[in-house]
Amino acid sequence: MQTVFVYDGSFIGFLSAVFEVYEYRATNAKIVAEQNYASSFFAENNEVTSNVAKAKRVWKGVLNVGESQDARLIYRGFLSELPDMEKVLLAYIRLLFDARKSIAKNFSEPEIMRLSQINKKIGREKHRMEAFVRFRKTKDQIYFSTISPDFNVLPLLEKHFTKRYADQLWCIYDVSRNYGIYYDLKKPEMVHLDLPTQILNSPESIFSEEELDYQKLWKNYFESTNIAARANRKLHEQHVPKRYWKYLSEKYLLEW
Amino acid sequence: MNFDRIKEKLNILADAAKYDVSCSSSGSKRKNKNKGLGNSDGMGICHSYTPDGRCVSLLKILLTNHCIFDCAYCVTRKSNDIKRAAFKVQEVVDLTINFYRRNYIEGLFLSSGIFKSPDYTMERLIRVAKKLRLEENFNGYIHLKSIPGASDELMHEAGLYADRLSINIEIPTKEGLKLLAPDKERKDFLQPMKKVRNDIVKYQSEKKHFKNSPIFAPAGQSTQMIVGATKETDAEVMYTATYLYKKYNMKRVYYSGYIPISYDNRLPPIGTEVPMLRENRLYQADWLLRFYGFKVEELLHKNHPNLDSDIDPKLSWALRNLHIFPIDVNRADKQLLARVPGLGMKSVYKILHARKYRKLGWEHLEKMGMALNRAKYFMTCASRTFESKDYTPQQIKQRILSEGNSKYQTTLSNQLNLFG
Ligand code: SF4
């Protein structure tokens, strides 16, 4: 019979669940996040409480047995929030603990290939966000940006933006997951804001006077730098799929 | 800031700068110092793409499009009847900083028409860079154009503030240059290139001994050649490129298909198609030289002065050298794997890693995400079935061409990905 381990959706929770899978020696185990869980009559259910100590032991195991690459694959894979993510991750961790050495490059194993593909997607999304985040300057001098990435990549963005924009206040807010990172000139911090209505309804009161002027200048620049004789629409959309256009003021200038 | 005035200048001076295809912001390592603004960490980011599919990563503008020279292939040439404009130093600084802070760009690419004299112009460009670095504590990417004929002293100063310096030789042959840019001589390009190369070498060796010695143009130098403006062959273009890579340690040579901009009868008339396919083939050849261990003589020579247009240069080379194939995927070394048509370096590394764990057959290669439609004619693996090696080059070519109908589309986009 299948044993189901239900966790709270956090990474700590997930690692705690892995710990318990091993503790129970559950060979036919499934790990599910609370929010995706529909109880099944035929399975044995275990509620997993997030436990930092247990999570740490699993994580240390990963780092001891494997290399930083394995840890990275696992963490980033987790951020994908894909429906089969827990299954792939558990399979990977099992293969890793069995092999007792890094398996990150063993691409001929399907689960590893799958995780590596998921990671590619995450990497691409992270890179896209680093490219397409557009800050708008608010009246309180905060450079503010909203995003709604396909995967939960905000934690991966922190480092890049903190290094780059060390001398300005900034905030990147994931509107679909309703949390953001705010940098106060000292360190980045996670924040929750009540913002959608404010931002959408009265931007003039929020953003600085010259903000729209700069957006317009940028759009102008963008148009001037195009070479009509080389037009290649298809290639363009391949680089910037339409769903990302909302980020780019040069393509879609918000008229307030 | 007077936004209307700036907007007008920006339109004119971005439009004039767009013919320089380089928009790379990669290859530099500049840390954010003292909690200042910006960094470049080696990987350039494309913050947008123009409708023609080119990466937008830098604010690419001319300081001015006034010019005392009259190069036939250039929109900015003296005799061209166009609107002229000039930025003030501070205006360029403000634009750069404000665009950068909004995460629109990785930095600035500043070029210029030559006004008054080469040194006078170069000195202005340097002033912008110096102000950005010293007054704004800006650590983002700065690419400055080296003005042909600029003095050694100024080139040295430029390298202290810029990440990259470039000087476009534009015309691949001496004769072409004489015909189209009578004001310029080859040495006007080569002297600044030489000075920059020497200083890069000098500073790099100092850096080895003294950790805190300043950095000098850490992203190196690049140049651009226009193709299709004169009657040059691909061999002439690539041999010149090879010379520049070797002699001046060029980081990149860019090839820019000539965009007709004038009725001058020394040049292809307006309406002539931009030779984009040719440009693409040249980039592929360039890539093979730099990353795949090919020598220019293998790709182009007297009897083969131009690249094929219907197939890529690697496939073309392989078909001329069928005696080397098929190679064994499970045993061939890196150099040889890299020569298999259809296998990119990424695939090569994947193969090298995966074959440590097991013998690879077609099914493994496919699972690893490799497209085998071209490669299968050139290699064997652990599977029994393999393509007969008795095909003639012509037969292989026919089969490959009949399979891929939109090959051009895919290779073109690969190439543009590599622009970064
Ligand atoms: S010197 Fe430069 S800007 Fe002036 S015409 Fe020649 S190529 Fe154009």
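The following dialogue discusses how to read several features of a predicted two-chain model.

Student: What conventions apply before any feature is read?

Tutor: Residues are numbered from 1 along each chain as its sequence is written, and chains are lettered from A and ligands numbered from 1 in the order in which they are written. Since the model is predicted, local features need pLDDT of at least 70 and side-chain atom pairs count only at pLDDT 80 or more, while totals for chains, interfaces and linings use all residues; side-chain values use heavy atoms, with hydrogens and water left out.

Student: Why is chain B said to agree with a compact globule?

Tutor: The radius of gyration is taken over C-alpha atoms, and the globule rule is 2.2 Å times the number of residues to the power 0.38. For 420 residues, a compact globule would have a radius near 22 Å, and chain B has 23 Å, which agrees. The C-alpha trace of chain B spans about 70 × 55 × 40 Å along its principal axes.

Student: How many cavities does a search of the whole structure find, and what lines the largest cavity?

Tutor: On a 1 Å grid over the protein atoms alone, a cavity is a set of points where a 1.4 Å probe fits but cannot get out; a pocket is an open set with protein on both sides within 12 Å along at least five of seven lines; lining residues have an atom within 4 Å of a point. Grid points are joined across faces, edges and corners, and a volume is the space filled by probe spheres set on the points. The search finds five cavities of 30 Å³ or more. The largest cavity holds about 600 Å³. Its lining has 34 residues, with Tyr73(B), Cys74(B), Lys145(B), Asn168(B) and Glu170(B) nearest the centre. Strands S9 (221-227) and S10 (252-257) of chain B each give two or more residues to that lining.

Student: How does the lining of the largest cavity divide by class?

Tutor: Ala, Val, Leu, Ile, Met, Phe, Trp, Tyr, Cys and Pro count as nonpolar, Asp, Glu, Lys and Arg as charged, and the others, Gly among them, as polar. The division is 19 nonpolar, nine polar and six charged.

Student: Which residues line the second largest cavity?

Tutor: This cavity holds about 60 Å³. Residues of both chains line it, including Tyr221(A), Thr225(A), Val21(B) and Arg54(B).

Student: What is the volume of the second largest pocket, and which residues are closest to its centre?

Tutor: Its volume is about 650 Å³. Of 22 lining residues, Lys29(B), Arg30(B), Lys31(B), Lys33(B) and Ile215(B) are closest to the centre. The lining has six nonpolar, seven polar and nine charged residues.

Student: How many residues of helix H10 of chain B are buried?

Tutor: Seven of the eight residues of H10(B) (residues 313-320) are buried, among them Trp317(B) and Leu319(B). They pack against helices H8 (276-291), H9 (296-299) and H14 (393-403) of chain B. Ser402(B), within H14, counts as exposed because its relative accessibility is 60%.

Student: Where does the backbone of chain B have a cis peptide bond or a positive phi?

Tutor: A cis peptide bond joins Phe325(B) and Pro326(B), with omega about -5°; Pro326(B) lies in the loop between H10 and strand S11 (327-328). Lys35(B), which is not a glycine, has phi near 50° and sits in the loop between S1 and S2. Asn103(B), also not a glycine, has phi of about 65°.

Notes: Helix = DSSP H or I, 4+ residues; strand = E, 2+ residues; numbered from the N terminus. Buried < 20%, exposed > 50% of the residue type's maximum accessible area, 1.4 Å probe, protein only. Contact = heavy atoms within 4.5 Å.
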